Amino acid sequence: MTSSSNPKFYPTIRPIVATYLDGICFKNDKLFAIDSRNGYLLSINPENSVTKIINSTYWQDFIGARGLCISDNKLWFTNREEIYVCSIEWEQGELKIVTPPQYSFSVSYSANGIAIWENTLYITTQKTGHILVYSTAGEAITKFYAPGIGYENITIKDEEIWLCDNLEQTVYCLDKVTGKLKYNMLTPFEYPTALSFYHDDTEDRDILYIAYSDQEPYIRDNPNAEPNHELLYRDRTFIHPLYFKYDEDNKQTLSNGFLLEVTYLEEISPLDSIEFKDLEWRIALPTESHRQKIKSVEAVGLPYIEEDYNGQKVALFKFPKFTSDERFVFGWRAVLEVWSIKYQIKPKDCESLPPLPPEFEGKYLIDDDDLSMSTDIILRGAEEARGSETNILRKMYNIRNYVYDHLTYGIKPHIDTPDIVLKRGTGSCGEYLGLLLALSRLNGIACRTVGRYKCPMKVLHFGVPLVPDFNHVWMEFYIPTIGWLPMESNPDDLDDGGPYPTRFFMGLSWYHVEMAKDVPFETLISEGLPVNKEKASIGQLAINHVSFTILQELQP
């Protein structure tokens, strides 16, 4: 799990002139890329990102181009349904276009990516969800099923096909001969649009580089506007190594990790005059998992007593006398290793399973949090979501899709019960989660809440304190003999009616910080009794402060 000693890290490549990269290819120690919006074929020095435009004369022929693959004397790309080829030659290691792009042949639907192996072309098409295999002469050979639902780019390495999917935030490794999926992994950032392998001769190591292309918001200082500052969006594209490790025995893949410093503090600032005796204020601490390791944790402001609830650590802060006249800041600071994880569990792995342990039934199949599990609408929803499915993994997948089909995302000031949420048809992440828990438990699937925060996805912002805009919750479901598997509550509810991405079904990205498993995130007890929320909620007593700092990147 921990990174090897002193691994070599490879540079992030940032071609300044590029706006959107739809194809990349390493050849002769150079990186070549297609900027489909500008029509540029770029030559990029991977060490310092210095970029040149190769097709100064033919740039218009490359507008809208997608995919890129290069042999010794040919360069291939796609544009809608058409496949194009250029004759090239090499002069002192530099690529030179000899002939302008020539139409070669067409496929039935728009192509998104292209790769070459000897005299065979591999072409991806989102419309059909296939990888089309053609000869370089344009003769159809066969086709493979392509996993994922987004636009996919493609490259070939030895006996493997590699795909990146822009919506799934995922890279897939397939067998080149059969097209069978071997394993997949999450990319550390959203919207991967192209991929290629770079071979480091000094270390005899192949490094998979991924191009990311999207937009980012920024504040523009405009002296001609009033007020001066405007919220605008700009293109952001860069190319970053994907470090990964496939663990076949444990059926999981880890990819790019980060060392995070996480601080959670409560600042006492009551809205009303109040007093408690023997107040116990508990705050859950980060937990350990296959993808998260605690390097250190310490108290901030006030000391705490560490409690253990079946493996979940909780910080207990004691106040013999708590009054609104005093001010404190207290909480914890932790340093964590966090990784992206993707489990490789298949329905066939979930056949002939033993029954759920009795202690799980009494803990994870009950209505312990106003889940409305006895209401007609939830009972009916549990039956409709399951359908005729008996396999636990497919059943969980069906329940997820049922919730996505019936809800759209909306933030509310409080969380309603699942019966109200299902009737209304909109919900926050907590309300999505409540409905998922209710439907899953009624179908005999043990599940629990996990949270509490996500690190802001500021790409490669090291050493800068980052503050999340909101908290977040997701869930884990349990498969006997396999264990707990993560699943997001609502971020993949992208379009009405689906299909929905599966990136966070049995997968979790590095920016999710796990805490509060099997316990509430915060509780108040005074004189041995829970504090009534109507008398004083935590939000009425204190202001919370959450901060993340990305310290460094890690390799599995």
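Predicted model: local features only at pLDDT ≥ 70, side-chain atom pairs only at ≥ 80, totals over all residues.
User: Is the crossing of α2 and α3 left-handed or right-handed?

Analyst: The crossing is right-handed.

User: Which residues in α2 and α3 meet?

Analyst: On the α2 side, they are Gly 381, Glu 384, Ala 385 and Arg 386. On the α3 side, they are Lys 395, Asn 398, Ile 399 and Tyr 402. Contact here means heavy atoms within 4.5 Å. By class, this contact has 3 nonpolar, 2 polar and 3 charged residues.

User: What is the strand order in the open sheet of 3 strands?

Analyst: The order is β18-β19-β20, and the pairing is antiparallel.

User: What makes β18 and β20 stand at the edges?

Analyst: Each has a single partner strand. One side of β18 (192-200) and one side of β20 (229-242) are therefore left without a neighbour in the sheet. On average, neighbouring strands of this sheet are turned by 25° against each other, direction ignored.

User: How do you know that β18 and β19 pair?

Analyst: Pairing needs at least two bridges. β18 and strand β19 (residues 205-221) have 8 bridges, in the antiparallel sense. The two strands therefore count as paired. His 199 stands opposite Asp 206 in β19.

Technical notes:
Residues numbered from 1 in each chain as written. Heavy atoms only, no water. Left-handed = near helix turned anticlockwise from the far one by under 90°. Helix = DSSP H or I, 4+ residues; strand = E, 2+ residues; numbered from the N terminus. Nonpolar A, V, L, I, M, F, W, Y, C, P; charged D, E, K, R; others polar. Axes fitted to C-alpha atoms, helices over the stretch in contact; angles between N-to-C directions.
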